[in-house]
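Okay, thanks everyone, I'll keep this quick. Have a look at what's on the screen, and then I'll walk you through the helices and the cores.

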Amino acid sequence: MINVCANCGNYRPDKEIRQNPSRAICPDCEHSHPFVQQPLFIICGPSGGGKTAVCRRLLGQNLPFIPLEADILYNAAIVHSDDAFRDFNEMWLRVCKNIGQAGKPVALFHSGGLPQHIEPCVERRYFDTVYYLALVAEDAAITARLEARPAWRGCTPENIAKQVAYNQWLRQEEPQSTPVITILDTTQANIKETSLEVITWIQEILSE
């Protein structure tokens, strides 16, 4: 919707963004139109960290944000191509941008939604700030949660090892990233407790 210029009709996601009030400028005809520039909340982390369970619990609640699970648009091709993964992230930013025009920001539960994947995207310009929260746990907890999944989920020893390595990397290295990733350890928390922590994290940011 926003990417199609209402004046010249060209499709340009790379519009110039100006503030006070927020508006987008078409690079082809310089047509200016207002839009709602929302923040974006990305909840990332390894499989087994609790992302899907938390997102599922938040659905239907009267919240100041819209929870969405990135896997609903997942295509296996994204794990084999850097270009396809970039397109996947651009698509989700575009979806979140357009949903935000209804008046609420989106909380996107996206395993690979790290700053190095999101910040370079063309569609990133439409959000005033992107906030990152990683749900992690102790390695043994991640392993146990994944081993308990049904076989169709594909949690082979090799895949579990990859998720444990990702979990370790987030716990040890990623807090030093820019923008910062807030780390939430879910080892001892149940889904209700983790969900409340995610809600509180978002509400505190929105209240600032």
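Before I say what covers what: I'm calling it a contact when heavy atoms are within 4.5 Å. And bear in mind that this is a predicted model.

So, helix H4, residues 139-147. Its buried residues are Ala141, Ile142 and Leu146. Those cover an arc of only 125° around the axis, so they sit on the same side of H4. What covers the buried ones? Helix H5, 157-172, is part of the answer.

Now the cores. The largest nonpolar core has 23 residues, and Leu40, Trp92, Cys96, Leu108, Val130 and Leu170 have the most contacts inside it. Take Leu40: leaving out residues up to four places away in sequence, it touches Leu93, Cys96, Val106, Phe127, Thr129, Val130 and Tyr131. Apart from that core there's another, of 17 residues, including Val54, Leu63, Leu184 and Val198.

That last one, Val198, is also among the buried residues of H6, along with Trp201 and Ile205. Down the axis of H6, the buried residues fall within an arc of 155°, so they line one face. They pack against E4, helix H1 (51-58), E6, E7 and strand E8 (181-185). On the other side, Lys192 and Ser207 are exposed. And at the start of H6, a side-chain oxygen of Asn190 comes within 3.2 Å of the backbone nitrogen of Lys192.

Notes. Residues numbered from 1 in each chain as written. Predicted model: local features only at pLDDT ≥ 70, side-chain atom pairs only at ≥ 80, totals over all residues. Heavy atoms only, no water. Buried < 20%, exposed > 50% of the residue type's maximum accessible area, 1.4 Å probe, protein only. Helix = DSSP H or I, 4+ residues; strand = E, 2+ residues; numbered from the N terminus. Arc of directions from axis to C-beta. Core = buried A, V, L, I, M, F, W, Y, C linked by side-chain atoms within 4.5 Å. Polar contact = N/O pair within 3.5 Å; in protein donor to acceptor, adjacent residues only side chain to side chain.
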